[in-house]
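User: Hi! I am learning how structural labels are given to residues. Could you take me through some of them?

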Amino acid sequence: MNVIGMISGTSYDAIEAVAVDFDLRERVVHARLLDHVSVPYDAGLRSRVAIVLPPRQTTIDEVCRLDTEIGQAFAAVAAGLAATHFAGGADVVCSHGQTVFHWVHEGHALGTLQIGQAAWIAEATGATVVADVRARDVAAGGHGAPLASLVDVLVLGRAPEEVRGALNLGGISNVTVVGPEREPLAFDIGPANALMDAAVTWKTAGAELYDHDGAHARRGRIDEDLLAAFLAEPYYRAPAPKSTGKELFHLEYLQSHLAGRELSLDDLVATLTELTVRTVADAVLAQGVRELFVSGGGTRNPVVMAGLRRRLEESGVTLSLIDELGVPEAAKEAVLFALIGFLSVLGLEASIASCTGARHGCVLGAITPGRQPVLAVSSSEAPMSLVVTSALGAT
Ligand SMILES: Nc1ncnc2c1ncn2[C@@H]1O[C@H](COP(=O)(O)OP(=O)(O)OP(=O)(O)O)[C@@H](O)[C@H]1O
Ligand SMILES: [Mg+2]
């Protein structure tokens with residue numbers, strides 16, 4: 001089956017998209033990864049996403065406009081990939097869209113909103129589109145996250161002899177853990193790049209959007225007092241399963257912790273980089289992980305990676321990119337959504353209840369039909385009339 005998977009993550013930096021040819025044989029999914037593209041949001045759209053995200057307020061008309069424009073941006077990426085790789089068109093496109101709100105209250109996810117209207121994608125590609133992939137898991141009592149646990153558990157193995165983990169360093173860090181005689185577990189750890197990006201963007205007035213190659217962190221000195229204040233965040237001590245997002249870890253959160261301290265950009269970024277390293281290393285060690293496979297934009301920050309190596313390898317944990325397991329790290333999340341699309345149209349569960357905290361695994365997503373019928377039906381001709389046989393009032 002020819003599938004396109006797409007996401008823009010919590011950093012809303014780019015649409016990550018893959019074209020995959022899937023086959024399911026004897027309970028093994030064979031995925032031939034044909035392409036991965038990373039298409040940056042144009043600057044105007046990116047800044048409009050930035051100004052609707054919490055803690056800012058927005059209007060319903062702006063949500064409608066963004067839903068349309070993000071849908072159109074995703075549609076263009078999908079149409080491009082389909083034209084290049086699938087002569088007959090894609091069968092399925094699964095789009096995560098852009099998370100604009102993830103509603104967590106007292107440790108429970110109550111709702112989650114991803115926008116990027118699927119109809120534009122169906123119209124541009126003719127494919128069956130699977131979207132709104134998190135909502136069903138939330139409705140089943142889960143966090144709707146980390147959905148990456150699906151790919152992680154499949155590539156790590158459900159019950160390996162040693163405890164293994166898969167870590168993603170996006171805007172938020174999340175980890176999936178598998179091991180002998182334990183159910184797979186997954187949770188959001190905390191901010192990976194979210195606070196660093198916020199600091200850099202704020203202090204450079206938007207001239208820089210992230211700490212490219214860790215340049216600021218490398219020059220800065222860690223402020224231990226400030227680090228301790230950040231580490232006091234109760235989220236880090238909450239039990240898994242748990243999820244978080246930019247609803248918590250945003251610029252105002254960062255500023256409230258500064259509490260009058262005057263730090264240079266370099267020192268602030270060095271401190272936030274260490275916060276990422278410490279929270280991730282502590283979470284991984286607390287789970288008894290022996291082998292860790294890493295993905296996401298944070299792997300391209302050498303200061304983050306050196307810090308993680310130092311803390312983990314001294315405890316005997318080996319650290320590799322998830323590429324070692326066959327999944328290119330930058331493409332992992334897009335592959336995840338392609339896989340969810342594939343499983344959803346087959347009617348197969350794509351969430352792992354022990355990882356998201358749901359009551360049961362779910363077939364995920366809302367389906368927008370494309371040119372082909374979603375279900376095989378006996379007639380493919382458009383109807384000409386409607387005959388209603390009423391059972392109302394029948395005794
Ligand atoms: N060369 C680099 N040096 C330092 N940081 C980098 C580099 N390249 C990427 N990053 C960081 O990675 C971030 C983007 O990572 P990624 O795309 O994995 O996250 P995301 O879009 O938030 O996805 P998600 O949160 O859903 O996993 C950037 O905002 C930046 O902070
Ligand atoms: Mg991204």
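User: Why is D213 called partly exposed?

Analyst: The relative accessible area of D213 is 40%. Buried means under 20%, exposed means over 50%, and partly exposed is in between (1.4 Å probe, protein chains only). D213, at 40%, is therefore partly exposed. Keep in mind that this is a predicted model, where local features need pLDDT of at least 70, side-chain atom pairs count only at pLDDT 80 or more, and totals for chains, interfaces and linings use all residues. Residues are numbered from 1 along each chain as its sequence is written, chains are lettered from A and ligands numbered from 1 in the order in which they are written, and side-chain values use heavy atoms, with hydrogens and water left out.

User: And what makes A205 exposed?

Analyst: A205 has a relative accessible area of 73%. That value is over 50%, so A205 counts as exposed.

User: Where is A205 found?

Analyst: A205 sits in the loop between α6 (194-203) and α7 (215-219), and D213 is in the loop between α6 and α7 too. Helices (H or I, at least four residues) are DSSP runs, numbered from the N terminus.

User: What is phi for A205 and for D213?

Analyst: Phi is near 50 degrees for A205 and near 55 degrees for D213. Both values are positive, in residues other than glycine. Most residues other than glycine have a negative phi.

Conventions:
Helix = DSSP H or I, 4+ residues; strand = E, 2+ residues; numbered from the N terminus.
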